[in-house]
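The points can be followed with the sequence and the structure side by side.

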Amino acid sequence: MSTNKHQHPISILPRDIDFMGHVNNANYLTWVQDAVIAHWEKFAPSEAVTTHLWVALKHEITYRKPAFLEDDIIADVLLEKIHGARAFYQTVIRRGEDVVAEITSSWCCVCADTQRPVRIAKDISAHFLK
């Protein structure tokens, strides 16, 4: 089974830079959230996008190299699997060929109205998993 990959450009802003002159580690969480949501919005049917929300359950980040203000950064997003209401993602943040960080994360899909967990229907997951 393969999945649809998504490349998400990341803009580094002056406020992202810490006292050491590189991107503060906390910004990677925002980047991953933005990238995963963009992946969902790109491949999911529009009705599913409006009726489903995503809540992060867990992130595990391995920092490889620092990122700086002038860097061109891309997040490569890959949905590894869907199980019930949960989705498991692998995101690799790159500067050219250099891996800046690797993130594994799990997410819970919730109903936009009730904010309770909701299983991802097979017809929706088919847009991601082939």
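1. Two residues are in contact when they have heavy atoms within 4.5 Å. In this predicted model, residues 24 or more positions apart account for 67% of the contacts in the protein with a separation of 6 or more.

2. On confidence, the mean pLDDT of the protein is 93, and 97% of the residues reach 70 or more. Helix 3 (residues 122-125) has the lowest confidence, with a mean of 86, and strand 5 (residues 98-111) has the highest, at 97. Where pLDDT is low, predicted coordinates should not be read in detail.

3. On the overall layout, the protein has three helices and five strands, which follow the pattern β-α-α-β-β-β-β-α along the sequence. The radius of gyration is 15 Å, close to the 14 Å that the globule rule gives for 130 residues, so the protein is as compact as a globular protein of that length. The C-alpha trace spans about 45 × 30 × 25 Å along its principal axes. Of the 130 residues, 42% count as buried.

4. In what order do the strands of the open sheet lie? The order of the five strands is 1-3-4-5-2, and the pairing is antiparallel. Strand 1 (5-10) and strand 2 (52-63) are the edge strands, each pairing on one side only. From one strand to the next, the twist averages 25°.

5. Helix 1 packs on this sheet and touches strand 1, strand 2, strand 3, strand 4 (86-95) and strand 5; the direction of helix 1 makes about 135° with that of strand 1. Helix 1 (residues 27-43) has 17 residues, which at 1.5 Å a residue should span 24 Å; the end C-alpha atoms are 25 Å apart, in agreement. The buried residues of helix 1 include Tyr28, Trp31, Val32, Ala35, His39 and Phe43. Residues three or four places apart in an α-helix point the same way, because there are 3.6 residues a turn.

6. Strand 1 is joined to strand 3 (residues 73-83) by six bridges, in the antiparallel sense. Pro9 has Ile74 of strand 3 as its bridge partner, and His8 has Ala75.

7. Eight of the 10 residues of strand 4 are buried, so strand 4 is largely enclosed by the rest of the structure.

8. Leaving aside neighbours within four places in sequence, Ile120 is in contact with His52, Trp54, Ile82, Gly84, Ala85, Cys109 and Ser125. Ala85 lies 35 residues from Ile120 in sequence, yet their C-alpha atoms are 5.6 Å apart.

Key. Residues are numbered from 1 along each chain as its sequence is written. This is a predicted model: local features need pLDDT of at least 70, side-chain atom pairs count only at pLDDT 80 or more; totals for chains, interfaces and linings use all residues. Side-chain values use heavy atoms; hydrogens and water are left out. pLDDT is the predictor's confidence in each residue, from 0 to 100. Helices (H or I, at least four residues) and strands (E, at least two) are DSSP runs, numbered from the N terminus. The expected span of a helix is 1.5 Å times one less than its number of residues. Buried means under 20% relative accessible area, exposed over 50%, partly exposed in between (1.4 Å probe, protein chains only). Two strands pair if DSSP finds at least two bridges between them. Axes are lines fitted to C-alpha atoms, for helices over the stretch in contact, and angles run from 0 to 180 degrees between N-to-C directions. The radius of gyration is taken over C-alpha atoms; the globule rule is 2.2 Å times the number of residues to the power 0.38.
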